[in-house]
Amino acid sequence: MQRRSLAALAPAAALALGALLGAPPALAQPKTLRIVAHADLKILDPTFTTAYISRNFGYMVYDTLFAQDARSQPKPQMVEKYTASKDGLAWTFTLRPGLKFSDGSAVTTADVVASLQRWGGRDSIGRAMGNAGAQWKAVDARTFTLTLKEPFGMVLEGLAKPSGFPAVIMPERLAKLPTTSPLAEAIGSGPFVFKRDEWVPGNKAVFVKNPNYVARSEPPSGLAGSKQPHFDRVEWLYLPDANSATAALKKGEVDYIEQLPPDYINPLRQDPHVKVKPAGFYQGFIVMNQLHPPFNNPKARQALAHAVSQEKFMAAMGYPLDMRMTYCASYFICGGPNETAAGAEPFRKPDLAKAKQLLAESGYKGEKVVVLVPSDVTYLNAEGLMIVQAMRSIGMNVDAQNMDWASIGARRAKKDAPAAGGWNVYVTVAGQFDVDSPITNAYLSAACGTSLPGWPCDKPLDELRTAWLKETNPAKRRQLLDAFQQRAYEAVPYVNAGQYSPAFAARADLKGLDKMWNGMPTVWMLDR
């Protein structure tokens, strides 16, 4: 790819950034952290979408009852203490004293119960907990209970789930609003307040310290512990031009690039004023709309799986060799505790002849297939272009529609037919915590009518998922895990495009970079 030099772009980048930030005040400025966000912020509701930009927004504004620490263990966050009966069917929780929302109102258990009921209707673990008979009840302003009809081994893990619909706590009046559209108001008890009056969609989102935030006494670890910010103000800047973003970082005009474009990783590794660090493990996802032809037929989905070369996809996305895998057989993170190769062997190498055969057997006759291709995120753009190429290689009539990632995030929720503004295929990526088990990987949910965009519906897969969740014997659980993945390769809820490690880049004078966890921008850990 031909690019203009950073030196040539630096003046333009400075002008663009100056316009974005506005003129500096004459008096003392607040201590400000400027972050180049990986996408434009459009949806303020982390309970409505799994888009990481909205999830990250959630952790700026909201807090959770429990949170995962740096060892991925659930720790109390808004909760002061809790107890559980020996049979695991009765739980009692007590909130920490003095918790307040950013508007100054007290956090009560009425807010907690309403928030958990909202979460339980959206999240995979929340729904599984509901299937186990979960009932939340407020006892008094600080005490609430959970009762179950059958044991559920992931209560704390669910409440501490870091991504893909985290269980954030919001005021009761917001939690009880319909989940059919995203919340437009954001009031939480987290470390920051969203400055809606300074929000410029497509340009900038601003956060300031929450004066009502009540921090824990423990030091920050992962998403747990104190989140007391060191910066008075955090600005998320949307700079889709990578040259401008990296030029601004090199000049110190921004402090942090959340997701560094792959082809900038090695050059910035040579800059003594910049630190480049891996940001966890990710997998690429190719998501098919299973409500409409051709991908309502599993043979068409299997055909696409046979057409994908993980090695070519990862190479096209541009990550250095030391940050990508040649092949990952698992629907879960390779190298993680649930890695398995069950069912993967027929798909290990691309087989275009087999793909064409299955596509023909599915009844596909050359109808137009709409693929949403991200235009503003370089690695997602490459992933999108690769799937367009793979689909055309097996004879599909592809209508590739380019748009920014935020627009794809909104459009993928539409269930309309592709010809009526819907879609057939889009690409995305997911981090380790959204991939590494049958229950946390929401895209493997095949519970009919309740799954994510793509809307897979496969009763055998859903039953295996439930059985895995309930099983406590480690050996039997492993057998169920293998059986689950075996069925996943038959039903193909989505196609794994490969595994890699992304990177973030930051000014070397920032403190706390080594504490950043699994690629999440835990900005309260940073200082200068």
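These notebook entries record what I looked up in one predicted model.

**Conventions.** I worked on a predicted model, in which local features need pLDDT of at least 70, side-chain atom pairs count only at pLDDT 80 or more, and totals for chains, interfaces and linings use all residues. Residues are numbered from 1 along each chain as its sequence is written, and side-chain values use heavy atoms, with hydrogens and water left out.

**Entry 1: helices H9 and H11.** I took helices (H or I, at least four residues) and strands (E, at least two) as DSSP runs numbered from the N terminus. I looked up how H9 (residues 298–307) lies against H11 (residues 352–361): their axes come within 8 Å and cross at roughly 165 degrees. The axes are lines fitted to C-alpha atoms, for helices over the stretch in contact, and angles run from 0 to 180 degrees between N-to-C directions. H9 and H11 are therefore roughly antiparallel, a term for angles over 145 degrees. I noted the contact (heavy atoms within 4.5 Å) as made by Lys-299, Ala-300, Gln-302, Ala-303, His-306 and Ala-307 of H9 with Leu-352, Lys-354, Ala-355, Leu-358, Leu-359 and Glu-361 of H11. By class, this contact has 7 nonpolar, 2 polar and 3 charged residues. Ala, Val, Leu, Ile, Met, Phe, Trp, Tyr, Cys and Pro count as nonpolar, Asp, Glu, Lys and Arg as charged, and the others, Gly among them, as polar.

**Entry 2: salt bridges.** I counted a salt bridge where a side-chain nitrogen of Lys or Arg is within 4 Å of a carboxyl oxygen of Asp or Glu. The count comes to 25 salt bridges.

Lys-42 pairs with Asp-404, the closest N and O atoms being 3.8 Å apart. This pair links distant parts of the chain, 362 residues apart: Lys-42 is in the loop between strand S1 (32–36) and helix H2 (52–61), and Asp-404 in the loop between strand S15 (397–403) and helix H13 (405–411). For exposure I used relative accessible area: buried is under 20%, exposed over 50% and partly exposed in between (1.4 Å probe, protein chains only). Lys-42 is partly exposed at 40%, and Asp-404 is partly exposed at 24%.

Arg-269 forms a salt bridge with Asp-322, with the closest N and O atoms 3.3 Å apart. Arg-269 is in helix H8 (residues 265–269) and Asp-322 in the loop between helix H10 (310–317) and H11, 53 residues apart. I found Arg-269 partly exposed at 37% and Asp-322 exposed at 58%.

Arg-528 forms a salt bridge with Asp-509, the closest N and O atoms being 3.4 Å apart. Both lie in the segment after strand S18 (503–507), so the pair ties together parts that are 19 residues apart in sequence. Arg-528 is partly exposed at 36%, as is Asp-509 at 42%.

I also recorded one network, in which salt bridges that share partners join Arg-34, Glu-198, Arg-233 and Glu-235.

**Entry 3: helix H7.** In H7 (residues 242–251), 8 of the 10 residues are buried, so the helix is largely enclosed by the rest of the structure. Among the buried residues are Asn-243, Thr-246 and Leu-249. Gly-252 follows H7 and has a positive phi, near 80 degrees.

**Entry 4: Pro-294.** I located Pro-294 in the loop between strand S13 (282–288) and H9. Pro-294 is buried, with a relative accessible area of 9%. Leaving aside neighbours within four places in sequence, I found Pro-294 in contact with Ala-300, Tyr-364, Val-369, Met-396 and Asn-424.

Methods: Parallel < 35°, antiparallel > 145°, perpendicular 65-115°, else oblique.
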